[in-house]
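Subject: Handover of a two-chain model

Dear colleague,

Please find below the structure that I am passing on to you. My notes follow it, and I would ask you to read the two together.

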Amino acid sequence: MTDMTDPLLQEITGPTPGQLLRKRVFGHQGLLIGAIVVAILAIIALLAPLLAPHDPYAQSLMDRMQPPVFLGGTWEHPLGTDHLGRDYLSRLIYGARVSLMIGVIAAVISGVIGTAMGVAAGYFGGKVDAVVTFLINVRLAMPVVLVALAVVAILGGSLTVVIVVLGLLLWDRFAVVMRASTLQVRRREYVAAAQAIGASTPRILLTEIMPNIVNNLIVVVTLEMAHAILLEAALSFLGLGVQPPTPSWGLMVSEGKNMMLFEPWLVLIPGAVLFLLVLAINLMGDGLRDVTAPENRN
Amino acid sequence: MKKLSLTTAITAVAFATAGLPALADKAEDKLNVAFTKELENVDSYFNSSREGVVLQRAVWDGLIYRDPVTNEYKGNLATSWEWIDDTTLEFKLREGVTFHNGEAFNADDVVFTVNFVADEANGVKTQRNVNWMKSAEKIDDYTVRIHLKDKFPAAIEFLSGPVSMYPNEYYAEAGASGMGLKPVGTGPYKVVSVVPGQHFVLEKNENYHDSPKGQPTIKTIDIRTVPDVNTQIAELFSGTLDLIWQVPADQSEKLKSMDQFTVANESTMRVGYITMDAAGRSSMDPNPFQDLRVRRAINHAIDRQAIVDSLLKGSSKVINTPCFPSQFGCVQDVTSYEYDPEKAKALLAEAGYPDGFTTEFYAYRNRDYAEALASYLNAVGIKTDFKMLQYSALRELNMKGEVPLAFLTWGSYSINDASAMVSQFFKHGSLDDTRDDEVLEYLNIADSATDPDVRIENYGKALKRITDQAFWAPLFSYNTNYVFKTSVNYSPTPDEVLRFTTMTWN
């Protein structure tokens, strides 16, 4: 990610850092698989109105719980229909929008909060660090699911509420990791050098500290994205997340739960996609860490 | 997600063991039954759930009994009764009846019970069941008079339902909490063990009097709370449960196709309806529900027949009245609204909402039905902000008048009289979303008249006014599926009460 272009080194060794990075990226199977799956799901989510064969909200009580095509259903509804006769594939496609949107926005909100707190604590130390550490401890003492349940129960479940609540709850890991990473780099020579030539604090933070800890940030972003997606599914499963008729994978699992003994595919299909998305995001995160970690650069 | 994997595991185990021979509970003479909800208190005056009614009918007796099939009133703890005047009922009591603890049943028990429950300070949970009684008076050991606060024609119905007789000496000592832990009654089954909310074991009362309820045959009834219907079905497969009830229609259909189980379906008195804030109590501004055309549009927007056919199934019916058709006074000659989404849209446009409007939409049970209803409303342009709440929370919100639109249901406590539903919701109480003076006037006459014809006429007028003004959208009646092993013989009754006395082994 950082380009430490050194013409001398380039002349001696041959491959540019860019080439090296490309080599590492394409040599990393986990990263490739994860990225491809996430990309495909993201494209599906973006193109939902074009790809979905039916209106995900159109109910047809006469065609309830038609089996998917591989269990003897028809191509009219390739993945069958749900308990209200809505096309399962269309709901799944629109559900990808909800899941990805919640994952990305919640991770961005919590990332901004957590990174700001963590970097400030690590760089300034002293009282700032004490306050941030205290806040982190307070936050860690509260179980996320419980707090999310309580807040959603009071405010009522909706897409916006779920995104904001998760965004405001999941910053702890960002803060912890960013604080520790900043502590590691802030005594480095290049930071001291920047301070010596009189660089401003924001400049040091943005151009000296951040580039050297951003690989950690990426890992946490992916972890928290997956975390947020799972939490949304859990909240929706409990009836406190996204409200019907909005298609959400967690809600689909919850709605299919009652018929699980007789029509297990109602639960298995959304469960499998959820699993796939979370797995892919984690693979991608792990891969990104591997290829960008400073110790890997040599 | 943890809960999910646990259920999956149980399911897997259940399927793995489904092929094994069932436990020989017939040999043990023990019937295993599941309750879905946790019963808060066995004392029937201090709970308000269906499970409570089931235990109440098994453990206690009322003065009168209504035959669930013929609807004929028969003497139970009383042998005869007569109206002395409009507000006084005299009962001759059955002699030789004893409570499960050996205490003899006599006039003192009746006087004590009535005076205790009628006193509002004692906090009986469903006041409507008892607050029509003023006091009881002992004439002699086996003759009692019950004084009513006001004329109350449904008295016999209530005395045959929720008002059961408690032992005075025991209850004075044990109180509601003691009664909840170690219940004592005169009923066909006595309670031998209670784990509150979880587990109840009943045993046949060998000395049961010659009651119209009939004599119990199965020795032990073992009731456990199993909240998840999939777990119940899994236990039914594995043989640790013999009878489950309130099974959703889809699962019942699947179970019916297997030959190890009998699936019986009976209608219940529960009626589902949509209530609208016609009185304008909620914070919606402008409030579309104050407009008759909007209320009619909602009535036209919903395909009730499709919901009955595809979701409720069984013996459910489309309902046009805010009461159950078998209830006394529930006149069926009322305005009804056929499914016509185009007309609904036209009515909305006429009312000034050509593009519809957005409203909160509340529900507390049957999320799938509620979703289907929301979908129908969305289809004519009414956008719904769907909110699923617990019953108590929704009821409280409704009492405060903060509910613009809600899918609700009412089971009338199985009381076969229209007053148990119409009068509950249209007499300007806190749950009345309409507050219509004309309806109130008719209901006041109907509720206090003793002449059946006057009652029918005035309930009829009230119902016509309500349906013509489309204050509610009455939807459908519920049904209950009972699933039990073929070794059990049972015919359920339309009042949604499990009667253990009529269950036998095949």
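This is a predicted model: local features need pLDDT of at least 70, side-chain atom pairs count only at pLDDT 80 or more; totals for chains, interfaces and linings use all residues.

Residues are numbered from 1 along each chain as its sequence is written, and chains are lettered from A and ligands numbered from 1 in the order in which they are written.

Chain A

Chain A has 13 helices and 0 strands; helices (H or I, at least four residues) and strands (E, at least two) are DSSP runs, numbered from the N terminus. Its C-alpha atoms fill a box of roughly 75 × 50 × 30 Å along the principal axes. Of the 298 residues in chain A, 45% are buried. A residue counts as buried if 20 or more other C-beta atoms lie within 10 Å of its own, as exposed if 12 or fewer do, and as partly exposed in between, with C-beta atoms placed from the backbone. Among contacts in chain A between residues at least 6 apart in sequence, 70% join residues at least 24 apart. Two residues are in contact if their C-beta atoms, placed from the backbone, lie within 7 Å.

The axes of H5(A) (residues 88-124) and H9(A) (residues 172-185) come within 7 Å and cross at roughly 30°. Axes are lines fitted to C-alpha atoms, for helices over the stretch in contact, and angles run from 0 to 180 degrees between N-to-C directions.

By class, the contact of H7(A) with H8(A) has 11 nonpolar residues, no polar and no charged.

Contact between the chains

The contact takes 23 residues from chain B and 20 residues from chain A. Elements of chain B that each supply at least two residues include H1 (2-17), H11 (304-312) and strand E14 (383-388). H13(B) gives the most to this side, with 6 residues. The side of chain B that touches chain A divides into 12 nonpolar, 6 polar and 5 charged residues.

Chain B

An automatic or database domain assignment gives chain B domain 1 (6-51 + 176-266 + 480-505), domain 2 (64-170) and domain 3 (268-479). The C-alpha centres of domain 1 and domain 2 of chain B lie 28 Å apart. Their contact takes 18 residues from domain 1 and 23 residues from domain 2.

In helix H3(B) (residues 50-59), 10 of its 10 residues are buried. What covers them includes strands E1 (30-35), E8 (189-195) and E9 (199-204) of chain B. In H12(B) (residues 341-350), the buried residues are B:Ala344, B:Lys345, B:Leu347 and B:Leu348. Seen down the axis, the buried residues of H12(B) fall within an arc of 160°, so they line one face of the helix; the arc is that of the directions from the helix axis to the C-beta atoms. Their cover includes helix H10 (292-301) of chain B.

Finally, the loop between H15 (422-425) and H16 (437-448) of chain B holds B:His428, whose phi is positive, near 60°. B:Arg435 is placed in the loop between H15 and H16 of chain B, and its phi is near 55°, also a positive value. Most residues other than glycine have a negative phi. B:His428 is partly exposed, with 15 other C-beta atoms within 10 Å, and B:Arg435 is partly exposed with 17.

With kind regards

Methods
Ala, Val, Leu, Ile, Met, Phe, Trp, Tyr, Cys and Pro count as nonpolar, Asp, Glu, Lys and Arg as charged, and the others, Gly among them, as polar.
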